[in-house]
Structures are given as structure tokens and as C-alpha cells.
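The entries below follow the order in which I looked things up.

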Amino acid sequence: MSTAVTMEQIADASPYPRARITGVVYFLYFLAAVLGEFFLKGLVVSGDAAATGKNLLAHQPLFRLGLATGLIATACYIAVTALFYELFKPVNRSLSLLAAFFSLVGCAIGAFGSLFQLGPLVVLGGSQYLSIFTPEQLRALALMFLELSSQAANIYLVLFGFYDLLLGYLIFRSTFLPRILGVLMAVAGLGWLTFLYPPLANHLTPYVLVLGLVAELLLMLWLLARGVNVQRWNEQASAVGGCQ
């Protein structure tokens with residue numbers, strides 16, 4: 001492959017618009033995730049099956065809206081993952097692909113976990129075939145489904161921990177984004193990995209959430225406001241192309 005052809009391909013695949021698009025989709029993810037949490041806030045009462053069942057039945061449309069918004073957030077993150085893969089291929093194609101794998105599996109588990117959140121609406125829906133259960137048993141089943149959803153969340157948070165750790169490394173090794181963003185993402189990834197041991201994660205959750213939010217928010221804002229250093233991205237892409 002000639003140098004002229006390689007440089008032409010790099011020019012055609014300029015990272016500047018891709019970085020801005022990534023920032024926009026990242027913002028849409030944040031918006032959907034925050035709205036999803038807002039819609040679900042207060043509906044689930046930890047350890048109280050009766051109160052949870054009452055809230056879900058009284059606010060069923062709001063609960064469904066929260067679930068739908070959460071799925072939209074997941075779809076946005078899948079798009080962000082694909083965009084990041086393309087953006088960081090010049091740094092290390094294999095690690096960029098591995099990072100995308102962890103993120104996509106995490107998104108799949110998160111979406112699957114949403115099915116458990118639909119369980120309470122089924123068992124509390126008053127179907128005739130559920131009449132063999134007492135109201136207390138049905139509420140307990142509803143809470144069990146929500147607990148299963150919580151366990152699925154622990155799994156995908158661990159996967160996102162590996163994703164953030166790898167993404168942080170890729171950012172740090174890149175020359176087209178500030179290294180401090182890579183450090184923050186890597187530290188946030190280590191925080192999510194505490195969910196490998198839920199008792200520890202329960203104690204550290206407030207700090208882990210703040211750290212993860214700050215790291216991803218700063219990365220999103222940087223992509224929106226500054227994008228990437230196009231010259232340095234092209235240099236890395238040219239070096240990769242020259243080795244092929």
C-alpha cells in the first residue's frame with residue numbers, strides 16, 4: 001500500500017467529526033440514564049415487599065417508562081462503544097477490540113437484567129393463574145425478581161469496570177487526548193471492579209458512583225468541547241497503516 005493511498009484513507013477517516021459524534025451520543029446516554037433513574041426513584045423500597053408492590057401497582061406507567069428509558073440508555077452506550085473502538089484502533093487495535101467486547105457483553109447482561117424488572121408487573125398483574133398464591137407470596141416474588149435484577153447489575157458493573165480500565169489505558173497511551181482523562185477512567189474502572197465483592201462495593205458505592213460519574217462526564221465534555229488532536233491521531237493512524 002503506497003504512502004499516498006494510506007494518507008488519503010486517513011484523511012477520509014478524520015477523527016474530528018467522529019469524536020464530536022461520540023460526545024453527542026455519550027450525552028444522550030447520560031440524559032437517558034439520568035431520566036431512567038429519576039422515573040424509578042422511590043418505587044422500589046429495599047427489603048419491603050409490601051411497599052414495593054404497592055408502589056409498582058400505583059405507578060405502573062412510570063415504572064415502565066423508567067425501564068424503557070434505561071433500555072434507550074443501553075442502546076446509546078452500545079453506539080458509544082462502537083465509536084470508541086474506531087477512535088482508539090490506532091492506539092492498540094487488539095485492546096480496543098477487547099474493551100469493546102467487555103462493554104457489549106455488559107450491555108447485553110444489563111438489557112437481560114431488565115427482563116427481571118418486568119417480573120413484578122407480571123406477578124402483581126392479577127392474572128387468574130396466579131390466584132394460587134397469597135398476596136404476600138406474590139409481593140415476595142416481585143421483590144425476588146428485583147433482587148435478581150440487582151444481581152445482574154453487579155455482573156455488568158464488573159464488566160464495565162474492565163471496560164473503563166482498558167479505555168483508560170488506551171486514552172493514557174494515546175497522544176490525542178489528555179492523559180488525566182485516562183487516569184480518571186482507569187481509577188473509575190477499578191472502582192466498578194469492587195462489585196466483584198458486593199459487601200465491599202456496598203460500603204464504597206457512594207464514592208464509586210461519584211468517581212465513575214466524574215470520569216465519564218469529563219470525557220464526554222472534552223469530546224464535545226475539544227474533540228481530539230487530529231494531527232496526533234493521524235500520526236498514530238499513519239504509523240499503524242505503515243506497519244501493515
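How are helix 6 and helix 7 oriented to each other, roughly parallel or roughly antiparallel? I worked from a predicted model, in which I found helix 6 and helix 7 packing at an angle of about 160°, with their axes 7 Å apart. Since angles over 145 degrees count as roughly antiparallel, I therefore noted the two helices as roughly antiparallel to each other.

I then looked up the sense of the crossing and recorded that helix 6 passes helix 7 in a left-handed one. On the helix 6 side I listed contact residues including Leu 157, Phe 160, Gly 161, Asp 164 and Phe 172, and on the helix 7 side residues including Arg 179, Met 185, Gly 189 and Trp 192. Sorted by class, this contact holds 14 nonpolar, 4 polar and 2 charged residues.

Next I took helix 7 by itself: it covers residues 179-192, 14 residues, and reaches 20 Å from its first C-alpha to its last, close to the 20 Å expected at 1.5 Å a residue. Among its buried residues I noted Leu 181, Gly 182, Met 185, Ala 186 and Trp 192, and I found that the buried residues of helix 7 pack against helix 2 (15-40), helix 6 (135-173) and helix 8 (198-225).

Finally I turned to helix 2 and helix 4 (residues 60-88), whose axes come within 8 Å and cross at roughly 160°, which makes helix 2 roughly antiparallel to helix 4.

Technical notes
Residues are numbered from 1 along each chain as its sequence is written. This is a predicted model: local features need pLDDT of at least 70, side-chain atom pairs count only at pLDDT 80 or more; totals for chains, interfaces and linings use all residues. Side-chain values use heavy atoms; hydrogens and water are left out. Helices (H or I, at least four residues) and strands (E, at least two) are DSSP runs, numbered from the N terminus. The expected span of a helix is 1.5 Å times one less than its number of residues. Buried means under 20% relative accessible area, exposed over 50%, partly exposed in between (1.4 Å probe, protein chains only). Contact means heavy atoms within 4.5 Å. Axes are lines fitted to C-alpha atoms, for helices over the stretch in contact, and angles run from 0 to 180 degrees between N-to-C directions. Angles under 35 degrees count as roughly parallel, over 145 as roughly antiparallel, 65 to 115 as roughly perpendicular and the rest as oblique. A crossing is left-handed if the near helix is turned anticlockwise from the far one by less than a right angle, and right-handed if clockwise. Ala, Val, Leu, Ile, Met, Phe, Trp, Tyr, Cys and Pro count as nonpolar, Asp, Glu, Lys and Arg as charged, and the others, Gly among them, as polar.
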